[in-house]
Amino acid sequence: MIVVVADDDLHSRGILTATFRAMGMEVFEAETGTSAYELSQAHSVDLVVSDIRMPDGTGVELLRRMRRMMQEKGSAPPVIITTAMLEGGEGYLRALGARDVLMKPLDLDAVVASARKILGL
């Protein structure tokens, strides 16, 4: 399985990367939504875990691009969004295509459970 972890915060990205690698997954790291999207196009990615607030392509922009990818190519990897500020936006993010929305600080058990559920593991 291949996962893209997108977060501009090095610490958060590192913790998620280590978590997925411990699960035996290959991980590509991205600091922006744009680079996460590009990695998703270049590789057979099974899951994207993305922060909502990043420079050069937010998580919302990434969800919109993934929806376009789905329409144009017939498939796109599922996306889990992570955020420190939700303010009732979970429904909006899910409507854009987020398969799950997780609050920061992240509960790694919740991240793993969500990923396993989405990936059918």
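This is a predicted model, where local features need pLDDT of at least 70, side-chain atom pairs count only at pLDDT 80 or more, and totals for chains, interfaces and linings use all residues. Residues are numbered from 1 along each chain as its sequence is written, and side-chain values use heavy atoms, leaving out hydrogens and water.

**Exercise 1.** Find Pro105 and say which loop holds it.

*Solution.* Start from strand 5 (98-103) and helix 5 (108-119): Pro105 is found in the loop between them. (Helices, H or I with at least four residues, and strands, E with at least two, are DSSP runs numbered from the N terminus.) Next, look at the peptide bond that joins Lys104 and Pro105: it is cis, with omega about 0°. As background, most peptide bonds are trans.

**Exercise 2.** Work out whether Asp56 is buried or exposed.

*Solution.* First, locate Asp56 in the loop between strand 3 (47-51) and helix 3. Then check its backbone: phi is positive, about 50°, although Asp56 is not a glycine. Finally, take the relative accessibility of 52%, so Asp56 counts as exposed (buried is under 20% relative accessible area, exposed over 50%, partly exposed in between, with a 1.4 Å probe and protein chains only).

**Exercise 3.** Describe how helix 2 and helix 3 are arranged by their axes.

*Solution.* The axes of helix 2 (residues 33-42) and helix 3 come within 10 Å and cross at roughly 25°. (Axes are lines fitted to C-alpha atoms, for helices over the stretch in contact, and angles run from 0 to 180 degrees between N-to-C directions.) That makes the two helices roughly parallel (angles under 35 degrees; over 145 is roughly antiparallel, 65 to 115 roughly perpendicular, the rest oblique).
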